[in-house]
Amino acid sequence: MKASFQTVDEYIKNFPEIVQVILQQIRETIKLNAPEAVESIAYQMPAYKTNGKPLIYFGGYKNHIGLYATPSGYSEFGEELSKYKQGKGSVQFPLNKPIPHGLVRKIVLFKVKENAAKVK
């Protein structure tokens with residue numbers, strides 16, 4: 001997927017319907033738990049910032065959803081994330097298994113708090 005997206009809606013519409021539903025659910029989880037977050041496209045994927053600092057990004061792929069919350073978001077939840085494939089500051093949720101929305105929620109809330117502390 002090399003298209004250039006201007007909005008998160010455009011990005012999500014680029015995927016098969018079943019993946020669109022999952023991406024929309026992740027988007028809603030982020031927006032519900034970080035209502036002040038600024039939504040944009042960065043690195044050609046949905047991106048969210050609070051207090052001018054990166055909060056979380058997500059992306060759809062052929063076999064998984066990638067979640068990017070910078071290394072601190074992952075080190076804090078290392079045990080819960082250990083069953084998923086990971087990179088530095090990223091985790092992959094396979095599309096053939098339930099997405100752990102409760103865990104995504106906890107990561108978002110942690111990052112909101114962390115970004116707020118950086119400003120003080």
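Predicted model: local features only at pLDDT ≥ 70, side-chain atom pairs only at ≥ 80, totals over all residues.

Me: Thanks! What distance does α5 reach from its first C-alpha to its last?

Reply: Helix α5 contains 19 residues. At 1.5 Å a residue, the expected reach is 27 Å. The model comes close to that expectation, with a first-to-last C-alpha distance of 27 Å.

Me: Is His101 buried, partly exposed or exposed?

Reply: His101 belongs to helix α5. Buried means under 20% relative accessible area and exposed means over 50%. His101 has a relative accessible area of 26%, so this residue is partly exposed.

Me: Let's turn to helix α2. How far apart are the end C-alpha atoms of α2?

Reply: Helix α2 covers residues 17-33, which makes 17 residues. At 1.5 Å a residue they should span 24 Å. The model agrees with that, because the end C-alpha atoms of α2 are separated by 24 Å.

Me: Why can the buried residues of α2 be placed on the same side of the helix?

Reply: The buried residues of α2 are Val19, Ile22, Leu23, Ile26, Arg27, Thr29, Ile30 and Asn33. They are on the same side of α2 because the arc they cover around the axis is only 155 degrees.

Me: Which exposed residues does the face of α2 turned away from the buried side carry?

Reply: The buried residues of α2 are covered by elements that include α1, β1, β2, β3, β4 and α5. On the face turned away from that buried side, the exposed residues are Glu17 and Leu32.

Me: Which residues have the most contacts inside the largest nonpolar core?

Reply: In soluble globular proteins, nonpolar side chains tend to be buried together. Here the largest nonpolar core has 35 residues. At least two residues of this core come from each of α1, α2, β2, β3, β4, β6 and α5. Those with the most contacts inside the core are Leu55, Ile56, Leu67, Leu81 and Ile107.

Me: Which residues does Leu81 touch, not counting those up to four places away in sequence?

Reply: Leu81 is one of the residues with the most contacts inside the largest nonpolar core. With residues up to four places away in sequence left out, Leu81 touches Tyr74, Gln86, Val91, Phe93, Leu103 and Ile107.

Me: On to the strands. Which residue of β2 is the bridge partner of Glu39?

Reply: Strands β1 and β2 run antiparallel and are joined by five bridges. Their hairpin has two residues between the strands, and Tyr43 there takes a positive phi near 55 degrees. Within this pairing, the partner of Glu39 in β2 is Tyr48.

Me: What value is the phi of Gln44 near?

Reply: Gln44 is found in the loop between β1 and β2. With a relative accessible area of 36%, this residue is partly exposed. Gln44 is not a glycine, yet its phi is positive, near 60 degrees.

Me: And what is the phi of Asn51?

Reply: Asn51 sits in the loop between β2 and β3. This residue is partly exposed, with a relative accessible area of 45%. Asn51 is not a glycine, but its phi is positive, at about 50 degrees.

Me: Last one: is Ser90 buried or exposed?

Reply: Ser90 is part of strand β6, which runs antiparallel to β4 and is joined to it by five bridges. Leaving out neighbours within four places in sequence, Ser90 is in contact with Leu67, Tyr68 and Tyr74. Its relative accessibility is 15%, and the cut-off is under 20%, so Ser90 counts as buried.

Terms used
Residues numbered from 1 in each chain as written. Heavy atoms only, no water. Helix = DSSP H or I, 4+ residues; strand = E, 2+ residues; numbered from the N terminus. Buried < 20%, exposed > 50% of the residue type's maximum accessible area, 1.4 Å probe, protein only. Contact = heavy atoms within 4.5 Å. Expected span 1.5 Å × (residues − 1). Arc of directions from axis to C-beta. Core = buried A, V, L, I, M, F, W, Y, C linked by side-chain atoms within 4.5 Å. Pairing = 2+ DSSP bridges.
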